[in-house]
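The sequence and structure come first.

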2 protein chains.
Amino acid sequence: MFDPMCPSGAMPFQIGDKWTGMVVLCLQDGPRRFTEIRVPLRAVTPKVLTQTLRAMERDGLVVRTAYPENPPRVEYELTELGRTLLTLIEAARAWSRDHLPALLRAREEWTKAAPIGQSGRP
Amino acid sequence: MFDPMCPSGAMPFQIGDKWTGMVVLCLQDGPRRFTEIRVPLRAVTPKVLTQTLRAMERDGLVVRTAYPENPPRVEYELTELGRTLLTLIEAARAWSRDHLPALLRAREEWTKAAPIGQSGRP
DNA sequence: GATACTGGTTACTGCAAAGAAACTGGGATA
DNA sequence: TATCCCAGTTTCTTTGCAGTAACCAGTATC
């Protein structure tokens, strides 16, 4: 899940910025803490994750709840609006299941077949 | 359509790179020439449009047909694979119809309410 | 001979997002 | 006293995308 080597990097869709869609999927089963979100997105730095979550909070997609404990605990949860994105993400994943192999096949044939002279390539 | 000032700039979805989705919509009613695609996307430069179309051709989303006439004529047409993106784009537009106002409202309230001190903003 | 048309290409520039790495704070634990 | 924990923040560097502007080939028209 969210492996940087997996072909979903070639998936031609994006929800919000680069990580928003994955955050939504991370939160679909209930609230999660900052570090719990970081684990499956193992490439993301805390700075970028903070930026993503702040933007989602601003847009009303998540709510942030800080508990005055220590060590500190902060939970993020999808709002109702944020949950509406799940159907769209599911549609994108369905497309990928059905058509991404064809796209990747086309891309592979492009690179291996006629490295030059292919309709005016350099 | 494709007005840079229209709020779809805030739409949190993207198909492929920045212009791919709009190109797909431009081509949904049949083949179009290079300059015909440029018109509705009035902000895009030929360099960027060429890049977009080459990437789509590489991924098997469009076919490029050059007619040896003059002045030269080149037509771009959606492939069957490219057409499958239309349902996804329609789903994204439906989401925007139903939920984008709420997102923009949340964003506006965020900026106007409590410019500082809002859960740790600078 | 000069200019325009189509469908690009090339070189250069600017900006914002992304990332790496180190640091913070304040209590808890060893 | 030193170290760890979480949830970040700060600073700096890199990367890549997008855009501007100029140029090109071949024909046709003025």
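What percentage of the residues of chain A count as buried? Of the 122 residues of chain A, 22% are buried, where buried means that 20 or more other C-beta atoms lie within 10 Å of the residue's own, exposed means 12 or fewer, and partly exposed is in between, with C-beta atoms placed from the backbone. This is a predicted model, in which local features need pLDDT of at least 70 and side-chain atom pairs count only at pLDDT 80 or more, while totals for chains, interfaces and linings use all residues. Residues are numbered from 1 along each chain as its sequence is written, and chains are lettered from A and ligands numbered from 1 in the order in which they are written.

**Fold of the chains**

Chain A has four helices and four strands; helices (H or I, at least four residues) and strands (E, at least two) are DSSP runs, numbered from the N terminus. Their order from the N terminus is β-α-β-α-α-β-β-α. Among contacts in chain A with a separation of 6 or more, 56% join residues 24 or more positions apart, a contact being two residues whose C-beta atoms, placed from the backbone, lie within 7 Å.

Helix α1 (residues 20–27) of chain A is largely enclosed by the rest of the structure, because six of its eight residues are buried. These are T20(A), G21(A), V23(A), V24(A), C26(A) and L27(A). Beyond its neighbours within four places in sequence, V23(A) touches I37(A), T52(A), L53(A) and M56(A).

In chain B, three strands form an open antiparallel sheet in the order β2-β4-β3. β2 (32–33) and β3 of chain B are at the edges with a single partner strand each, so one side of each has no neighbour in the sheet. β2(B) and β4(B) pair in the antiparallel sense over two bridges, pairing being defined by at least two bridges found by DSSP. R32(B) is opposite Y76(B) in β4(B).

**The two protein chains together**

The same surface serves both copies, as 96% of the contact residues of chain B recur in chain A.

In the interface, 24 residues of chain B are in contact with 23 residues of chain A. On the side of chain B, the elements giving two or more residues are β1 (13–15), β3 (62–67) and α4 (80–112). The largest share, twelve residues, comes from α4(B). Strand β1 (residues 13–15) of chain A pairs with β1(B) in the antiparallel sense over three bridges, and F13(A) is opposite I15(B) there.

**Surfaces near the DNA**

A residue is near a strand if its C-beta atom, placed from the backbone, lies within 6 Å of it.

| Surface | Residues by class |
|---|---|
| Near DNA strand C | twelve nonpolar, five polar, six charged residues |
| Near DNA strand D | ten nonpolar, five polar, six charged residues |
| Side of chain B that touches chain A | 13 nonpolar, seven polar, four charged residues |

Around DNA strand C there are 23 residues, of which K18(A), T35(B), T50(B), P71(B) and V74(B) come nearest. Two or more residues each come from α3 (46–58) of chain A and from α2 (34–38), α3 (46–58) and β4 (73–78) of chain B.

Around DNA strand D there are 21 residues, with P46(A), P71(A), V74(A), K18(B) and T45(B) nearest. α3(A) gives the most to this surface, three residues. P71(A) is in the loop between β3 (62–67) and β4 of chain A. P71(A) is exposed, with 4 other C-beta atoms within 10 Å.

Notes:
Ala, Val, Leu, Ile, Met, Phe, Trp, Tyr, Cys and Pro count as nonpolar, Asp, Glu, Lys and Arg as charged, and the others, Gly among them, as polar.
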